[in-house]
Amino acid sequence: MSRKLSSEVTLEGVGKRYGDLWAVREVSLTIRPGEFFTLLGPSGCGKTTLLRLIAGFALPDAGGILLDGEPIDHVPPWKRDVGLVFQHYALWPHLSVYENVAFGLRERKVPRAQIAQKVAAVLSQVGLEGFERRRPSQLSGGQQQRVALARTLAVQPRLLLLDEPLSNLDAQLRAQMRIELARLQRDLAITTLYVTHDQAEALALSNRVAVMLEGAVVQQGTPEEVYWRPRNRFVAEFVGAANLFPVQVVELRETGVLVETGSGTRLPVPADPGRWRPGTRALLCLRPEALRLEEAAIGRGTGFLATVAGRVFEGDRHVYEVRLGEGAHLRVELPALGEGRIFRLGDRVRVELTAETAVLLPET
Amino acid sequence: MLGLLALLVAGILAPLLQVLWAAVSDVDGFTLRHLGSFFRRPLFLESLVNTLASGLLAVLFGSLIGVPLAFLTVRYAFRAKTVLQTLGVLPLVIPPFVGAVAFQQILGRGGTVNLILHQTFGTTLPMMEGLTGVVLVQTLHYFPLIMLNTAAALAGLDPSLEEAARNLGSSGFRLFRRILLPLALPGYAAGALITFIRVIDDLGTPLMLNYTKLLAPQAYLRVTTVGLTDVDGYVICVILVILSIAALWGSKAALGLAEYATLQRTAEAEPRPLKGAAALGVWLISAALLGPALLPHAGILLLSLSKVWSLSLLPTVYTLGNYAEILFRSRSFIWNTLRYALLAAVIDVALGAAIAWLLLRGTVRGRGWLDAIATMPLAIPGVVLAVGYLRVFHGWDFPGLGQPLTATWLILVLAYAMRRLPYTVRGAYAALQQLPVALEEAAQNLGANRLRTFFRVTAPLMARGLLAGGLIAFITSAVELSTTILLVPRIELGPLSYGIYIYMQSAVGRGPGAALGVVAIVLVGCGTWLAHRLAARGAGSIFRL
């Protein structure tokens with residue numbers, strides 16, 4: 001399918017207020033042509049509102065939205081050419097699959113023969129050939145999802161907006177659709193804005209992610225940046241699992257800082273020394289899969305001494321809960337396939353960490 | 001929006017205010033003198049008391065029949081229950097004034113039952129005399145409204161509410177009194193309310209039974225005999241409106257409870273199966289309660305087929321001549337009915353859809369007013385609206401018609417359309433409310449503007465609800481008498497209900513009148529059945545408030 005050039009979206013200080021509450025506040029970001037960009041956040045963080053602002057179903061109370069450099073705030077929804085796939089699909093129950101998909105083309109006054117061609121093409125793209133005459137009620141959830149996607153792709157919008165498109169599917173289907181969605185987006189090279197509360201989805205699909213909380217963007221960057229360099233406690237805990245425990249900065253070094261835990265263990269941590277001063281209290285963030293366990297008797301060096309308090313086997317890995325001396329708990333994930341031994345409840349262990357993966361976060 | 005509002009103001013608000021103003025003003029301006037003198041006239045006072053009594057008694061007796069039937073049909077499963085449910089709707093299918101004639105024939109002074117009583121016991125029962133007759137006919141006509149609304153409320157209850165009470169040790173009558181009754185109250189109150197309002201508004205029944213000591217017939221008599229200048233007619237109208245509003249206000253507290261009763265429903269309650277003696281018992285009770293209400297259907301059918309039926313148990317000479325009379329010689333009645341009612345229904349569907357859309361999706365100011373005025377006809381007695389129309393549209397040539405609006409049949413269409421507007425507004429409102437906004441947003445997102453979205457997505461999806469509402473508007477307009485009788489400009493422009501009224505004035509006309517009655521029953525019956533099919537909900541849902 002031939003496409004016009006992918007579009008670029010720019011949000012400049014966009015805000016949306018409902019009564020006294022700002023559902024979206026001062027959001028500025030640029031989505032580059034062909035990029036897969038994800039808005040990630042808990043429910044109620046304003047991510048769907050942001051999507052609706054771009055689609056034109058709500059008007060911003062502050063700032064502006066630009067599509068390829070042109071302000072679109074006063075363009076009605078039906079003239080924006082911005083395709084939105086709704087969370088609950090919003091397929092019209094009185095129309096067949098064919099008529100649903102052809103809807104936008106008819107609105108664009110595409111000749112009848114061409115409509116038939118395009119509908120057939122886009123339905124085959126989503127793997128739904130032969131379903132033309134079904135009604136939406138005769139389709140499974142996954143099929144409805146594909147029709148919704150096909151309906152939007154059929155008009156070749158300048159921008160694809162996806163509102164939690166996989167949230168109504170069961171786990172297995174969700175994983176499959178995730179792969180298909182990624183392939184489709186790559187093939188079409190269409191600028192895509194994806195909204196989800198599922199961090200795994202966001203990390204798997206996106207070129208870049210913006211994490212939102214209470215209407216504002218807290219951090220944006222590549223999935224790797226957001227995961228390994230969270231800016232604050234919220235991002236660290238929302239994106240992936242995180243072990244957080246309080247530390248105190250004791251010394252500034254050239255490429256990092258030296259912190260001390262409550263029990264007196266000192267650790268070098270990579271951080272910008274300019275942002276910290278000695279005596280500051282902070283949070284140390286350790287990803288569970290970046291930790292290793294050794295038998296207490298063998299291990300030596302930088303680790304903490306701990307006791308195994310729980311273990312869950314999750315197929316591809318063992319998830320341990322270990323208790324540190326000062327009462328804090330750590331989550332440690334070890335690959336199930338590997339040379340390492342399996343520990344039992346009550347075993348004394350030493351938790352080893354690679355300093356590069358530790359992140360120092362402000363206390364609040 | 002403005003045009004719509006103007007139409008509603010002209011068709012509903014202005015006539016009402018005109019009536020009100022006429023009642024509280026004289027040449028010098030505002031006065032309460034007329035209202036005061038109303039309460040010094042014994043005839044009017046008696047009519048007021050009688051009207052209140054007829055309304056309350058009809059509700060009381062209607063409840064005694066309707067509530068037990070509602071309970072039996074909702075809580076128990078037994079053989080041929082649907083038959084019972086269908087029979088329960090049938091009384092509504094016969095227009096009350098037609099029913100009045102049939103009851104007269106069966107229960108009246110020289111009717112079948114009294115003839116039997118006279119032959120066997122040498123005595124008669126004055127069942128159809130005076131107020132007794134009016135209340136009897138109205139009770140047996142309107143109790144399904146109470147039954148259907150109560151049944152709906154009961155069926156809509158979350159079964160876990162009852163299970164929780166049982167779990168905590170409540171059972172039997174205590175359970176009924178403390179849990180079920182309070183929870184079903186909103187539905188019951190809705191049924192009782194419409195029954196009351198319709199009863200005090202009913203002009204046809206008292207006129208047919210020749211009993212005029214009620215407010216509606218009094219207003220009618222003042223306007224038709226004394227004329228439009230008579231202030232007493234307006235005063236009576238105002239009193240009627242006050243009664244309606246008082247009833248609305250009185251039941252509001254109970255209606256307000258409707259919200260929690262159906263909150264968080266998990267599953268449909270399983271009716272308890274009944275077999276053998278218990279099922280038979282239920283059938284006997286139901287038959288005793290329902291039986292009398294189905295008498296008029298048989299009576300009117302027999303009457304329509306009879307050449308002579310006077311002072312005999314059953315007709316003595318049968319004929320099809322009555323049908324020939326109404327189908328060939330005086331066919332204007334049926335033709336007019338179809339024409340007026342259809343036109344009114346089409347107007348209502350269009351207005352209903354537009355108003356519902358504005359209320360739920362629009363952003364224009366003044367929507368509250370639109371809603372208030374469009375719902376108003378529910379509480380305005382037909383007599384009052386008709387009197388208002390006569391006052392507003394009489395005596396001046398309507399632009400483009402060359403004669404007053406009241407001299408043409410258009411006035412009837414306007415009256416029907418305005419009176420039945422609440423049905424389509426509500427139908428459309430309910431249909432639109434169930435429609436996720438996302439369906440419309442999806443259309444806009446794909447390039448359809450508001451108008452295209454409405455015609456390609458919104459309207460088709462609302463079609464069933466709209467059509468069901470339109471059908472109800474059609475059938476109720478087709479058998480409307482309260483406004484018709486006051487507004488028919490000439491007899492050849494009269495619809496079926498007017499024809500029945502005219503025929504029934506003479507002894508020889510009773511046969512053709514009854515035949516028209518049968519046509520009315522068939523029309524309403526088919527329309528009701530179709531509306532149910534369209535609404536695709538439980539029996540009687542379209543008669544609920």
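1. Helices (H or I, at least four residues) and strands (E, at least two) are DSSP runs, numbered from the N terminus. On that basis chain B holds 24 helices and 6 strands. The model is a predicted one, in which local features need pLDDT of at least 70 and side-chain atom pairs count only at pLDDT 80 or more, while totals for chains, interfaces and linings use all residues. Residues are numbered from 1 along each chain as its sequence is written, and chains are lettered from A and ligands numbered from 1 in the order in which they are written.

2. Overall form of chain B. The C-alpha atoms of chain B occupy a box of roughly 65 × 60 × 50 Å along the principal axes. For 545 residues, a compact globule would have a radius of gyration near 24 Å, and the 24 Å of chain B agrees with this; the radius is taken over C-alpha atoms, and the globule rule is 2.2 Å times the number of residues to the power 0.38. Of the 545 residues in chain B, 48% are buried (20 or more other C-beta atoms within 10 Å of the residue's own, with C-beta atoms placed from the backbone). Among contacts in chain B with a separation of 6 or more, 78% are between residues 24 or more positions apart; two residues are in contact if their C-beta atoms, placed from the backbone, lie within 7 Å.

3. A proline in chain B. Pro296(B) lies in helix α14 (residues 276-304) of chain B. Is Pro296(B) buried or exposed? Pro296(B) is buried, because 29 other C-beta atoms lie within 10 Å. Leaving aside residues up to four places away in sequence, Pro296(B) touches Ile94(B), Gly99(B), Ala102(B) and Phe103(B). Val101(B) is 195 residues from Pro296(B) in sequence, yet their C-alpha atoms are 8.0 Å apart.

4. The interface between the chains. On chain A, 17 residues are in contact with 16 residues of chain B. Both β6 (82-85) and α2 (97-107) of chain A supply at least two residues of the side that touches chain B, and α2(A) gives the most, with 3 residues. This side of chain A comprises 11 nonpolar, 4 polar and 2 charged residues. Here Ala, Val, Leu, Ile, Met, Phe, Trp, Tyr, Cys and Pro count as nonpolar, Asp, Glu, Lys and Arg as charged, and the others, Gly among them, as polar.

5. Domains of chain A. The assignment, automatic or from a database, gives domain 1 (9-236) and domain 2 (241-362). Their centres, taken over C-alpha atoms, are separated by 39 Å. In chain A, 6 residues of domain 1 are in contact with 8 residues of domain 2, and the domain 1 side divides into 3 nonpolar, 1 polar and 2 charged residues.

6. The open sheet of chain A. Four strands form an open sheet in the order β2-β1-β4-β5 (chain A), with antiparallel pairing; strands pair if DSSP finds at least two bridges between them. β2 (21-31) and β5 (70-71) of chain A stand at the edges with a single partner strand each, so one side of each has no neighbour in the sheet. Strands β1 (residues 9-18) and β4 (residues 62-67) of chain A pair over 5 bridges, and Glu12(A) has Gly64(A) in β4(A) as its bridge partner. Helix α1 (residues 47-55) of chain A packs on this sheet, touching β1, β2 and β4 of chain A, and its direction makes about 65 degrees with that of β2(A). Axes are lines fitted to C-alpha atoms, for helices over the stretch in contact, and angles run from 0 to 180 degrees between N-to-C directions.

7. A hairpin in chain A. Strands β9 (residues 208-213) and β10 (residues 216-221) of chain A run antiparallel and are joined by 5 bridges. Ala210(A) has Gln220(A) as its bridge partner in β10(A). The hairpin has 2 residues between the strands, and Glu214(A) takes a positive phi near 50 degrees.

Definitions and conventions:
A residue is buried if 20 or more other C-beta atoms lie within 10 Å of its own, exposed if 12 or fewer, and partly exposed in between; C-beta atoms are placed from the backbone.
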